[in-house]
Amino acid sequence: VWKRPIGAGWSAFSAVNGYAVTLEQRGDEEITSCYEISTGEPVWANSIPSRHETVLGGIGPRSTPTIHEGRVYTMGATGVLRCLDGADGTEIWSQDLFALAGVEEDESAVAWGRSGSPLVVNESIVVPVGGPRNGDKISLMAFDLLTGTEIWRGGDRQVSYASPSLAIIDSTPQILHVAESSVCGHDPETGEMLWDFSWPGNSSANANTSQAIPISDREVFISKGYGGGAAVFEVTRTEDGWATEEIWSRQNAMKTKFSNVVIHEGFAYGLNDTILECIDVTDGKKQWKARCSYGQLLLVGNTLLVLTEDGELLTVSATPEKHQQLSELQVVDGLTWNNLCLFDKYLLVRNGQEAACYELPTKPTENRNDDQSS
């Protein structure tokens with residue numbers, strides 16, 4: 001539909017009502033930008049003086065904006081949390097998380113920039129915070145959605161590169177947080193850390209980047225790169241609080257260095273380094289594998305959309321029986337680590353140099369008799 005240049009960064013698009021927002025780096029300015037999906041034309045942009053750059057990680061912001069009730073919440077690579085008016089991009093409030101955590105100018109403890117997307121929880125926005133290498137840490141902080149006033153802070157763990165998520169664990173609402181070297185559950189109302197499960201990592205080396213995903217009322221799936229592999233552990237409420245126990249782990253499965261998995265009908269699909277594979281979540285056994293590259297995945301119905309780091313879009317059947325690639329198309333040029341965004345039948349893709357919109361083929365609606373329609 002269209003293709004246009006865009007600023008640097010690994011942020012993805014978030015879309016609503018025909019508009020898409022993202023984060024990009026232009027010179028020394030970190031920009032939140034809004035585009036019209038049908039044309040790719042810029043609608044508004046709001047910038048702050050901020051720049052993140054590393055040799056291995058590249059330039060620009062990493063996280064994806066969160067849209068909620070007409071407002072856009074963004075987490076910059078240098079720890080600036082902002083709330084903008086979705087209509088025109090005017091800033092409503094901001095918080096400097098580095099100042100709150102005492103990080104100052106030293107970013108070496110989290111070498112590749114703050115990457116967690118903001119999470120809406122009731123009337124608050126929750127973000128990972130972390131802290132300096134040799135100082136106190138804050139796992140998560142919650143701020144009022146409308147005013148940015150601090151509500152709570154919970155946990156004492158360094159951050160990873162994963163985003164927090166909401167879950168129901170043992171019939172209890174919780175925030176799942178993958179920290180630097182553990183996976184934790186937090187009370188959404190108070191931030192209190194309820195439990196933690198050891199998941200070794202170092203945010204300046206063998207980092208955790210993938211989200212934890214509940215697969216049942218008590219079971220959580222996790223994965224990571226750098227030889228970590230995949231595991232499932234159980235979380236249960238006890239008389240003394242909470243307990244965790246590993247169910248299985250496999251170092252040779254789902255080494256998701258830059259990406260998350262998708263789980264569909266009891267099977268996990270993801271990139272084991274540069275191998276696209278399917279595994280059974282009950283025991284981690286491999287169902288099939290196929291050569292690919294690093295990249296990102298999105299599940300649409302029974303089809304996987306795989307955006308490779310070379311900017312190629314693959315469609316693959318999400319079935320455990322066998323690997324079946326349906327199509328491939330070069331959609332952007334250059335190194336691509338950004339997630340995909342689907343709005344209606346329009347797929348938005350970007351990397352650190354260009355963005356594009358593609359209209360995907362859809363199945364025609366079958367003709368039905370009036371008495372069968374609903």
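How many cavities of 30 Å³ or more does the structure hold? The structure holds one such cavity, where a cavity is a set of points, on a 1 Å grid over the protein atoms alone, at which a 1.4 Å probe fits but cannot get out. This is a predicted model, in which local features need pLDDT of at least 70 and side-chain atom pairs count only at pLDDT 80 or more, while totals for chains, interfaces and linings use all residues. Residues are numbered from 1 along each chain as its sequence is written, and side-chain values use heavy atoms, with hydrogens and water left out.

**Cavity**

- About 40 Å³ of space lies in the largest cavity, a volume being the space filled by probe spheres set on grid points that are joined across faces, edges and corners.
- Met75, Arg114, Ser115, Gly116, Pro128, Val159 and Ser160 line the largest cavity, lining residues being those with an atom within 4 Å of a point.
- This lining has three nonpolar, three polar and one charged residues, where Ala, Val, Leu, Ile, Met, Phe, Trp, Tyr, Cys and Pro count as nonpolar, Asp, Glu, Lys and Arg as charged, and the others, Gly among them, as polar.

- The largest pocket has a volume of about 1,000 Å³, a pocket being an open set of points with protein on both sides within 12 Å along at least five of seven lines.
- Of the 37 residues that line the largest pocket, Arg62, Thr64, Ser115, Tyr161 and Asn339 are the closest to its centre; Ser115 is also part of the lining of the largest cavity.
- The lining of the largest pocket divides into 20 nonpolar, 15 polar and two charged residues, and strands S2 (14–16), S12 (119–121) and S32 (341–343) each supply at least two of its residues, strands being DSSP runs (E, at least two residues) and helices DSSP runs (H or I, at least four residues), numbered from the N terminus.
- The second largest pocket holds about 520 Å³ of space, and among its 20 lining residues Thr303, Leu305, Thr315, Leu360 and Pro361 lie nearest its centre.
- Strand S31 gives the largest share of the lining of the second largest pocket, four residues, and this lining divides into nine nonpolar, six polar and five charged residues.

**Nonpolar cores**

- In the largest nonpolar core, which has 17 residues, Leu81, Trp93, Leu97, Ile125, Val127, Val129 and Phe143 touch the most other members; such a core is a set of buried Ala, Val, Leu, Ile, Met, Phe, Trp, Tyr and Cys residues joined through side-chain atoms within 4.5 Å.
- Two or more residues of this core come from each of strand S9 (71–75), strand S10 (80–85), helix H1 (97–101), strand S13 (124–130) and strand S14 (138–144).
- A second, separate core of 16 residues includes Ala167, Ile169, Trp199 and Val235.

**Cysteines**

- Zero disulfides are found in a search of the whole structure, a disulfide being a pair of cysteine sulfur atoms within 2.5 Å.
- The sulfur of Cys341 has its closest cysteine sulfur in Cys357, 9.5 Å away, which is too far for a bond.
- Cys341 is buried at 8% relative accessibility, as is Cys184 at 0%, where buried means under 20% relative accessible area, exposed over 50% and partly exposed in between (1.4 Å probe, protein chains only).

**Positive phi values**

- Asn17, in the loop between S2 and strand S3 (19–26), has a positive phi near 55° although this residue is not glycine, and Asn17 is exposed, with a relative accessible area of 65%.
- Met254, in the loop between strand S23 (241–250) and strand S24 (262–264), has a positive phi near 50°, whereas its relative accessibility of 0% makes Met254 buried.
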